Amino acid sequence: MSRFNNTETALIHGGISIDERTGAVNIPIYQTSTYKQDGLGKMRGYEYSRTGNPTREALEALIAELEGGYAGFAFGSGMAALTAVLSLLHSGDRVLISSNVYGGTFRLLSKVFDHFSITYTISDTTDLASFESDIAEDVKAVIIESPANPLMTVTDIRAVAEVSHRHGLLVIVDNTFMTPYLQKPLELGADIVVHSATKYLGGHSDVVSGLAVVNSAELAEKIAFIQNSTGGVLGPFDSFLLIRGIKTLAVRMDRHVYNAEKAAQFLSEHDAVKNVYYPGLPGSQGYEVNLRQAKNGGAMISFELKDNYDINTFFENLQLVSLAESLGGVESLVCHPSSMTHASIPADIRKKVGITDGLIRLSVGIEQINDILGDIAQAIAKAERK
Ligand SMILES: *Cc1c(COP(=O)(O)O)cnc(C)c1O
């Protein structure tokens, strides 16, 4: 539970926000691997930085407080966080995954965990009856993204958590696209939240990192053991960068969302655009559900240009908006999911879940909105096949 009523304040003062020894208003970067012991078994709270480091600990306490969880854990990447969480499973277990999840999550299950006989089924978590019918004897967990990457489909987290718990499943939500400022999955019934903190939490495209937050002492003990045993921890300097990024999350997010709402409107009214996927657009899939569980639609948009537009020409003519992997930084980025973020998903599955070769994903940055829209408009104009 957070000591603060408002997330804006918790972002700045949550966790361990003052250095006890000196009163420094920023937690120092404890760039050390080990700690002097005063005698055998006489430690001052730390023994080795894989097991515990004060800078990482401040970040872990902060994310736990922000998500309203029992404990937080910081990892070297979002994938390392997911790897640790999936390590709770045993061979023979099966995981259900939302029909569009981050490509790397799919790859981790299909190409790594399958070595250990932990299998997966792609499930439409937006359809409760269909989801429940996928729960077989061996299913032990579900991974949800809402909005999901890259079609921004919304899953009713509370409803899926209820059904899942009736069947004894562990409910894992990847909250990367929303952040705890816009959505708090543990309050909606999830057991574990994971983040690629590389994205909005860091916010400046300068650090790769992952976080996990659990809702119970029992899960905390297990994840702490796995984190220390498998070792994918976040370093002290990167932990510092994340704490620094998180302080401004609310002001950045407000501007990201303001810009995204304008961009979604602009794209949906543009003659060259065939489809716009944005949960903040009235009439979009899951619009009402999203408003019940999140503050707004976030700042990720996907769209498709009509067939007489060449998307490669569109990408090549962007001046301000960069074609790049990743999202959630202050700068606007576009990506081509079918050849970039979701390339590790086989073409037939991509097609089935609607990730077409014409799909463009836009991470709306915090630049002046007219500059973003002007750049997109001129690149679209150049992309028209004459
Ligand atoms: C980027 C991303 C990940 C992977 O995180 P890394 O920090 O790149 O390892 C996982 N889930 C989502 C939704 C992402 O966008």
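K199 lies over the face of Y102, 5.2 Å from the ring centre. The model described here is predicted. Its chain is assigned two domains, domain 1 (7–247) and domain 2 (250–383).

**Domain arrangement**

- Taken over C-alpha atoms, the centres of domain 1 and domain 2 are 26 Å apart.
- Contact between the domains involves 41 residues of domain 1 and 42 residues of domain 2.
- About 3200 Å² of area is buried between domain 1 and domain 2, and carbon and sulfur atoms give 62% of that area.
- One salt bridge is counted between domain 1 and domain 2.
- A salt bridge also describes the meeting of the R292 and D156 side chains, with an N to O distance of 3.3 Å.

**Aromatic pairs**

- Six aromatic pairs are found in a search of the whole structure.
- One of them joins F303 and F314: the ring centres are 6.2 Å apart and the planes stand at 85°, so the pair is edge-to-face.
- F303 belongs to strand β9 (residues 300–305) and F314 to helix α12 (residues 311–317), so this pair ties together parts that are eleven residues apart in sequence.
- F303 and F314 are both buried.
- A further pair, F314 with F315, is tilted, with 5.6 Å from centre to centre and 55° between the planes.
- The relative accessibility of F314 is 0%, and F314 therefore counts as buried.
- F315 has a relative accessible area of 9% and is buried because this value is under 20%.
- Together, F303, F314 and F315 make up one aromatic cluster.

- I380 is placed in helix α14 (residues 369–383).
- With a relative accessible area of 1%, I380 is buried.
- Leaving aside residues up to four places away in sequence, I380 touches H270, A272, L305, Y309 and F314.
- V214 lies 166 residues from I380 along the chain, and their C-alpha atoms are separated by 44 Å.

**Cis peptide bonds**

- Most peptide bonds are trans.
- The bond from S146 to P147 is cis, and its omega is near -5°.
- P147 is located in the loop between β4 (139–145) and α6 (157–166).
- The bond from N149 to P150 is cis as well, with omega near 10°.
- P150 is also found in the loop between β4 and α6.

**Positive phi values**

- A negative phi is what most residues other than glycine have.
- S117, a residue other than glycine, has a positive phi near 60°.
- The position of S117 is in the loop between α4 (103–112) and β3 (119–123).
- S117 has a relative accessible area of 42% and is partly exposed.
- T179, likewise a residue other than glycine, has a positive phi near 70°.
- T179 is placed in helix α7 (residues 179–182).
- At a relative accessibility of 1%, T179 counts as buried.

Conventions. Residues numbered from 1 in each chain as written. Predicted model: local features only at pLDDT ≥ 70, side-chain atom pairs only at ≥ 80, totals over all residues. Heavy atoms only, no water. Phe/Tyr/Trp six-rings, centres within 6.5 Å; stacked < 30°, edge-to-face > 60°. Helix = DSSP H or I, 4+ residues; strand = E, 2+ residues; numbered from the N terminus. Buried < 20%, exposed > 50% of the residue type's maximum accessible area, 1.4 Å probe, protein only. Lys NZ or Arg CZ within 6 Å of the ring centre and 35° of its normal. Domains from an automatic or database assignment. Contact = heavy atoms within 4.5 Å. Buried area = accessible area lost by both parts, 1.4 Å probe. Salt bridge = Lys/Arg side-chain N within 4 Å of Asp/Glu carboxyl O.
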